[in-house]
Number of protein chains: 2
Amino acid sequence: MPKIVDAEARRHEVVQAVFRIIASDGLERASLREVADEAELAVGSVRHYFASSDELLVFSFGAVIDRIAGRLEAALASVEDAEPESPEQHHAVLNLLGQFLPLDEELAVDACVWMAFRHAARIKPVLAAEAERSHRAVAAVVGRLIMILNPAEADAQQSLVTEAERLLATMDGLCMHALLQPEWMTAEMCSDVLTAHLRSLRAVPASG
Amino acid sequence: MPKIVDAEARRHEVVQAVFRIIASDGLERASLREVADEAELAVGSVRHYFASSDELLVFSFGAVIDRIAGRLEAALASVEDAEPESPEQHHAVLNLLGQFLPLDEELAVDACVWMAFRHAARIKPVLAAEAERSHRAVAAVVGRLIMILNPAEADAQQSLVTEAERLLATMDGLCMHALLQPEWMTAEMCSDVLTAHLRSLRAVPASG
DNA sequence: TTGTTTTTAGCACGAACGTGCTTCAACACC
DNA sequence: GGTGTTGAAGCACGTTCGTGCTAAAAACAA
């Protein structure tokens, strides 16, 4: 009936603009006017697709979560397909954990945006639900990974949960340092830390 | 000659107000008006002690860095005083690492403020110098701790640096999770993860 | 008391923000 | 060709922000 516009594509373009602004200028600069400028639209146009600023931010948060979770689950499938203890599996695990880190431009933007939203969710209640979903999705993948790497002690659930949280914390800390102190936490340092952590996982079997 | 006011004490009160606002409402709400309200002063009074908003924020960042670094170095002294491999040393190490985490009200405020400023420093160049100082100070303490816990391989500097960065990343990740997902990352879980990490440090001696 | 200087308080300006509301152009259908 | 729905654009209002500036208040020296 009216002007033909792919609404979903438009929303995606707007969200991409939000991502670019957050990555370069931070979340607090992602105002309707800035986003509209970056997307080369008018403020009214952006508001046609997103009723309010909050709705735009929540939708953008959900979008980055879906992107990250999608990458993680694809990488997890590769790990599960690989032969246990094989070099292929080790490579697949490194690839999975690398998805957390800002190793290329696209990953860096996602990591920036992800971090920004998670921290903002501490303050803004509208973001809390998505933050919880994010944590659940990532924890599920990491938990599954720990189970794969420690098939022997599938009974010692206590230790598995602890190890999953430990790996998750290490990954988030690595990501943080790579974003905030890129001169110190280089890609090579990330790789060294990752291999050291994986070695420590194999070296500490049961705990008691 | 004029009204007697302890300028240093006033500045400290203002900074405390900044801390409270950041912890409860986030850094972006730490405006001059909000800070003045929280400190029960007029905007003009705050501006008398801090020429600009940037100056207030940079000073506050420095203050929280000094607080955290002071605690860490005091705790490090306890570790260095303890007998190597003794239970006292283990306790001192746990105490040191606990200084990173929001385990009580004061630590939680400092952790919030610290995180907020470090992330803001990625965007705001005025904060960059203090962020670098913060990283240097904390990395020095953690590096020293790793050397104490691994006296044998004092020559394998590569491994020591990697282990220091790994511990630092894990601590920052734990702190992040404790702040952002307090229901999942409880104090008990923090403790479990810490002891697991310390065990993994002892279990993986040299690398090659 | 008078004068000096620090401290406190407040006004005013321009900029940026979210949002309610109106207006215009474009297109599909009757 | 007319008509109505929808995308796009923009105005206006109230709020908040940092900051330059002025002026009252307070406390000590003379």
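The structure is a predicted model. Across all chains, six aromatic pairs are present. One of them joins Phe100(A) and Trp114(A) in a tilted arrangement, and Phe100(A) also belongs to the largest nonpolar core.

**The pair of Phe100(A) and Trp114(A)**

- A pair of aromatic rings is described by the distance of the centres and the angle of the planes.
- Phe100(A) belongs to the loop between helix H5 (87-98) and helix H6 (105-121) of chain A, whereas Trp114(A) is in helix H6 of chain A; the two are 14 residues apart.
- Phe100(A) and Trp114(A) are both buried.

**Charges over rings**

- Arg118(A) lies over the face of Trp114(A), at 4.2 Å from the ring centre.
- In chain B, the charged end of Arg11(B) sits over the ring of Phe50(B), 4.9 Å from the centre of that ring.

**The nonpolar core**

- The largest nonpolar core contains 140 residues.
- Leu96(A), Leu97(A), Phe100(A), Leu96(B), Leu97(B) and Phe100(B) have the most contacts inside this core.
- Setting aside neighbours within four places in sequence, the contacts of Phe100(A) include Leu72(A), Ala111(A), Trp114(A), Val138(A) and Leu168(A).

**Helix H8 of chain A**

- Helix H8 of chain A covers residues 157-180, 24 residues in total.
- From first C-alpha to last, helix H8 of chain A reaches 34 Å, close to the 34 Å expected at 1.5 Å a residue.
- H8(A) is mostly covered, with 21 of its 24 residues buried.

Definitions and conventions:
Residues numbered from 1 in each chain as written. Chains lettered and ligands numbered in written order. Predicted model: local features only at pLDDT ≥ 70, side-chain atom pairs only at ≥ 80, totals over all residues. Heavy atoms only, no water. Phe/Tyr/Trp six-rings, centres within 6.5 Å; stacked < 30°, edge-to-face > 60°. Helix = DSSP H or I, 4+ residues; strand = E, 2+ residues; numbered from the N terminus. Buried < 20%, exposed > 50% of the residue type's maximum accessible area, 1.4 Å probe, protein only. Lys NZ or Arg CZ within 6 Å of the ring centre and 35° of its normal. Expected span 1.5 Å × (residues − 1). Core = buried A, V, L, I, M, F, W, Y, C linked by side-chain atoms within 4.5 Å. Contact = heavy atoms within 4.5 Å.
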